[in-house]
Amino acid sequence: MDLKGKNCLVTGGSRGIGKSIALTLAKLGANVAITYARSVDAANEVVKEIEALGVNSVSFQADAVQFERAEEVINEIVGAWGSLDVLVNNAGITKDNLILRMDEQAWDDVITTNLKSIFNYSKAATKPMMRARGGSVINISSVVGISGNAGQSNYSASKAGIIGFTKSYAKELASRNIRANVVAPGYILTEMTGSLNEKVLEAIKQETPLGRAGEPEEISNVVAFLASGLSSYITGEVIRVDGGMAM
Ligand code: NDP
């Protein structure tokens, strides 16, 4: 796999899966910009790690729910680097609760952060990708967007919405040589899953045929494949990376 000279943006690249994706793309030769919401120091650290690999990097404090900020970020990248070739929509949050106990705020926050953000950044990336006569958009969903999960109705709805959005986007932009695909992770070890208690974690492992949690790198390797020319005939696809959990 080779991404030399490609200009990439990873939303939510300061921590967890997004950080791993940013570093993997950079190791393959890409210039990588990241966005984040709050973690200034962590984001600066990721930029330093990427630059140490001999490629360009920049970070933007940009709440993914802000429509106009998405266009600003992408315009800055294109202004500085000349193009945007790969967009990875990774930023996401959970606010879990049973439907009976879930308040309106928890619903709205998760839907706007996880789903509206994908519209914001994909839309802003479309014109530059059309000008460049191609691009690859990779959206991070979740297995629960396929299977549903008690206590995660807001999160599951946002992640299922990502799949519908991506397939529509892929159909609209295929004639422009812009591909769009979904990666649906299972249970991956990050801060997001760090707060789950031992009992829940054990149950998740029991439900996973490969019998273990995944590492962020196991997601970023698939994202790198979808970003690269090796996946040139794949669009509108959903790839589960879940140890077989949703099989
Ligand atoms: P983390 O909580 O470890 O990291 C989340 C990242 O998203 C951080 O960089 C965070 O920035 C950023 N972020 C959160 N909210 C916003 C926002 N409003 N605007 C911009 N950036 C934001 O999560 P993971 O790495 O575990 O998850 C990454 C993606 O993978 C998410 O979409 C998640 O739903 C998905 N996923 C994760 C699974 C898992 O098991 N971990 C399973 C399935 C899917 P900051 O540091 O500033 O807060």
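Predicted model: local features only at pLDDT ≥ 70, side-chain atom pairs only at ≥ 80, totals over all residues.
I started with β2 and β3 (residues 57-61): five bridges join these strands, and they run parallel. Pairing here takes at least two DSSP bridges, and the elements are DSSP runs numbered from the N terminus, helices being H or I with at least four residues and strands E with at least two. Residues are numbered from 1 along each chain as its sequence is written, and side-chain values use heavy atoms, with hydrogens and water left out.

Between β2 and β3 the chain goes through helix α2 (residues 40-51), a right-handed β-α-β crossover; right-handed means that, with the strands pointing away from the viewer, the path from the first strand over the helix to the second runs clockwise.

On to β1 (residues 7-10): four bridges tie this strand to β2, again parallel. Val10 has Ile34 as its bridge partner in β2. β1, α1 (residues 16-27) and β2 form a right-handed β-α-β unit.

I checked burial in β2 (residues 31-36) too: six of its six residues are buried, i.e. under 20% relative accessible area (1.4 Å probe, protein chains only). Asn31, Ala33 and Thr35 point one way, Val32, Ile34 and Tyr36 the other.

Last, the helices. Lys19, Ala22, Leu23 and Ala26 in α1 meet Val46, Glu49 and Ile50 in α2, contact being heavy atoms within 4.5 Å.

Methods:
Buried < 20%, exposed > 50% of the residue type's maximum accessible area, 1.4 Å probe, protein only.
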